[in-house]
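Subject: Structure for you to look at

Hello,

Here is the structure I promised to hand over. Please open it and keep it beside this email while you read.

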Amino acid sequence: MTKLTLGTHPFLLGFEELERLVERTAKSGNDGYPPYNIEQSSATSYRITLAVAGFGDDELAITVENNQLVIRGRQSDDSEGRVFLHRGIAARQFQRSFVLAEGVVVGEAIMENGLLHVDLTRAAPDSVVQTINIKKG
């Protein structure tokens with residue numbers, strides 16, 4: 001039996017990038033930290049909320065790389081000279097990635113009560129009708 005992929009199906013021309021996108025998303029293997037929510041706030045806007053308690057604004061970085069929203073957090077370990085009887089709050093770093101569709105734009109980021117909110121908007125696609133002239137050979 002032959003495996004049929006998006007790139008080899010005769011009716012799906014030019015979808016090879018979509019197949020690579022699905023593979024990249026499946027391989028991301030996030031460990032669940034930090035927890036996050038994704039909500040749709042209107043027909044064309046979304047909000048990603050990450051629980052980043054203990055992180056300061058200067059310890060977080062938000063970038064867009066190749067249609068991928070990447071949020072990184074790195075806390076400095078300031079436990080030198082301190083004696084912990086129990087340490088349940090770890091100073092750990094994280095990287096959380098979200099693949100963005102074509103036309104999705106990252107808006108503002110807001111830090112509020114230990115939650116990082118990142119707003120996204122999707123531009124409405126233009127309806128394009130193109131007429132192709134037939135030349136005589």
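Below is what was found in it, from the overall layout down to single residues.

**Overall layout**

Keep in mind that this is a predicted model. The protein chain has one helix and seven strands. Along the sequence, the pattern reads α-β-β-β-β-β-β-β. The helix, H1, covers residues 16-26.

Of the 137 residues in the protein chain, 20% count as buried. The accessible surface of the protein chain is about 10,700 Å². Carbon and sulfur atoms account for 53% of that surface. Now take contacts in the protein chain between residues at least 6 apart in sequence. Of these, 51% join residues at least 24 apart.

Strands of a sheet pair through backbone hydrogen bonds, and they can be parallel or antiparallel.

Look at S6 and S7. They run antiparallel and are joined by seven bridges. Glu112 has Leu115 in S7 as its bridge partner. Ile110 has His117 in S7 as its bridge partner. S6 and S7 form a hairpin with two residues between the strands.

S3 and S4 (residues 68-73) run antiparallel, with five bridges joining them. To get your bearings, find Leu60, which stands opposite Gly73 in S4.

**Salt bridges**

Side chains of opposite charge can pair when their charged atoms come close. How many salt bridges does the structure hold? There are two.

Start with Asp119 and Arg47. Their closest N and O atoms are 2.7 Å apart. This pair links distant parts of the chain. Asp119 is in strand S7 (residues 115-122), Arg47 is in strand S2 (residues 45-51), and 72 residues separate them. Is Asp119 buried or exposed? Asp119 is buried, because its relative accessible area of 19% is under the 20% cut-off. Arg47 has 23% relative accessibility, so Arg47 counts as partly exposed.

Then find Arg72 and Glu65. In this salt bridge the closest N and O atoms are 3.3 Å apart. Arg72 is partly exposed, at 29% relative accessibility. Glu65 is partly exposed too, with a relative accessible area of 34%.

**A nonpolar patch**

Next, turn to the surface. Phe15, Leu18 and Val22 form a nonpolar patch there. Together they have about 250 Å² of accessible area. Val22 lies in helix H1.

**Backbone details**

Most residues other than glycine have a negative phi, and most peptide bonds are trans.

- The peptide bond from Tyr33 to Pro34 is cis, with omega near -10°. Pro34 is in the loop between H1 and S1.
- Asn66 is not a glycine, but its phi is positive, near 55°. Asn66 lies in the loop between S3 and S4. With 68% relative accessibility, Asn66 counts as exposed.
- Asn113 has a positive phi near 55° and is not a glycine either. Asn113 is in the loop between S6 and S7. At 78% relative accessibility, Asn113 counts as exposed.

**Where to start**

Then pick out Asp119 in S7 and Arg47 in S2. After that, follow S6 into S7 and stop at Asn113 in the loop between them. Finish with the cis peptide bond from Tyr33 to Pro34.

Best wishes

How values were computed: Residues numbered from 1 in each chain as written. Predicted model: local features only at pLDDT ≥ 70, side-chain atom pairs only at ≥ 80, totals over all residues. Heavy atoms only, no water. Salt bridge = Lys/Arg side-chain N within 4 Å of Asp/Glu carboxyl O. Helix = DSSP H or I, 4+ residues; strand = E, 2+ residues; numbered from the N terminus. Buried < 20%, exposed > 50% of the residue type's maximum accessible area, 1.4 Å probe, protein only. Pairing = 2+ DSSP bridges. Patch = residues over 30% accessible without salt bridge, like charges linked within 9 Å, V, L, I, M, F, W, Y side chains within 5 Å. Areas by Shrake-Rupley, 256 points an atom, 1.4 Å probe, with all protein chains shown as cover. Contact = heavy atoms within 4.5 Å.
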